[in-house]
Amino acid sequence: MSKALDKMKGFVKSVDLIVEVVDGRAPLSSRNPLLRELAGAKPILLLLSKSDYADPKITGAWIRYFETNGIPAVAGNLRKDRFVTLLSSAAEPLVKKKREKEARFGMIPQPIRVMIIGIPNVGKSTLINNLAAKKKAKVGNKAGVTRAEQWIKLNDDFVVLDTPGILPMNYPDAAQAIRLALLGSMKEEVLPTLDLSIALLGYLKENYPDSLRERFGIENIAPLSSAEILERIALRRGLLEGSKPSEEKAAYALIKEFKDGILGRLSLEIPDA
């Protein structure tokens, strides 16, 4: 991680704007403080990705929260929304000094050099493919797909630098680590699937009970334990170990459907919670 950060520091000097991509379902947990320090005085635009997976009311609250704290922020569906237009309108106020300097020297406006940063699996490469309107960066719904930096020219207005996702070495807040594991930003073997599913079920029971009813047909989940819910999921899906319902297989199915947005538009954290 330290080698990657040192390499990225060299690139920061040559860019005009940093776009930090976070997962819209947990935008605070999915920010890496080391990457923010790396940016220094460079302007930052925060992009809440996967907004089509997140609770829209909570996403709106997060946008207001960040802007109140002086951080320009936007949200969107990286697979459908056209981000070139959004980036153009959001970037110009943030590169005002660059434009003023060019005007002083009688230069025509130069392309804005943008560095895309973020932790693994928040959608950096998907964003670049969206901006370029074609597949230029390798993508995947798991941590560690982008392995090296790459410059990509989008058009005459923008050149972007894709960078590998970087996580801090440790997370003292266990709840934050669980959120990141559920989002797929940590490798699956780091935290046990069954433990993650129990944490997710506890959160869904309290905040989104209808998601379990609508997806798995489980009525009145309040009195049910996590083990009982997993057993019902296993029975409904035919996830068996021999002739018995498999908690492990049900846990994996639950987490995958959350990660892929199939359980509905759900957020894992709210501002100031």
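**Cavity lining and sheet arrangement**

Helix H4 contributes the largest share of the lining of the largest cavity, namely three residues. The structure is a predicted model, and a search of the whole of it finds one cavity of 30 Å³ or more. The space in the largest cavity amounts to about 60 Å³, and its lining is made up of Val19, Leu45, Leu47, Val74, Phe83, Leu86, Leu87, Ile116, Leu127 and Leu131. Two or more of the lining residues are given by each of strand S2 (44-49), helix H4 (83-94) and helix H6 (124-132). When the lining of the largest cavity is sorted by class, 10 residues are nonpolar, whereas no polar and no charged residues are found.

The strands were examined next. Strands of a sheet pair through backbone hydrogen bonds, in either a parallel or an antiparallel manner. In the predicted model, six strands form an open sheet with mixed pairing, in which the order is S3-S2-S1-S4-S6-S5. The edges of this sheet are formed by strand S3 (73-75) and strand S5 (150-153), each of which pairs on one side only. On average, and with direction ignored, neighbouring strands of the sheet are turned by 25° against each other.

Within the sheet, strand S4 (residues 112-117) and strand S6 (residues 158-162) run parallel and are joined by five bridges, and Met115 stands opposite Leu161 in S6. Ile116, which falls within the range 112-117 of strand S4, is also one of the residues that line the largest cavity.

Note on methods. Residues are numbered from 1 along each chain as its sequence is written. This is a predicted model: local features need pLDDT of at least 70, side-chain atom pairs count only at pLDDT 80 or more; totals for chains, interfaces and linings use all residues. Side-chain values use heavy atoms; hydrogens and water are left out. Two strands pair if DSSP finds at least two bridges between them. Helices (H or I, at least four residues) and strands (E, at least two) are DSSP runs, numbered from the N terminus. Axes are lines fitted to C-alpha atoms, for helices over the stretch in contact, and angles run from 0 to 180 degrees between N-to-C directions. On a 1 Å grid over the protein atoms alone, a cavity is a set of points where a 1.4 Å probe fits but cannot get out, and a pocket is an open set with protein on both sides within 12 Å along at least five of seven lines; lining residues have an atom within 4 Å of a point. Grid points are joined across faces, edges and corners, and a volume is the space filled by probe spheres set on the points. Ala, Val, Leu, Ile, Met, Phe, Trp, Tyr, Cys and Pro count as nonpolar, Asp, Glu, Lys and Arg as charged, and the others, Gly among them, as polar.
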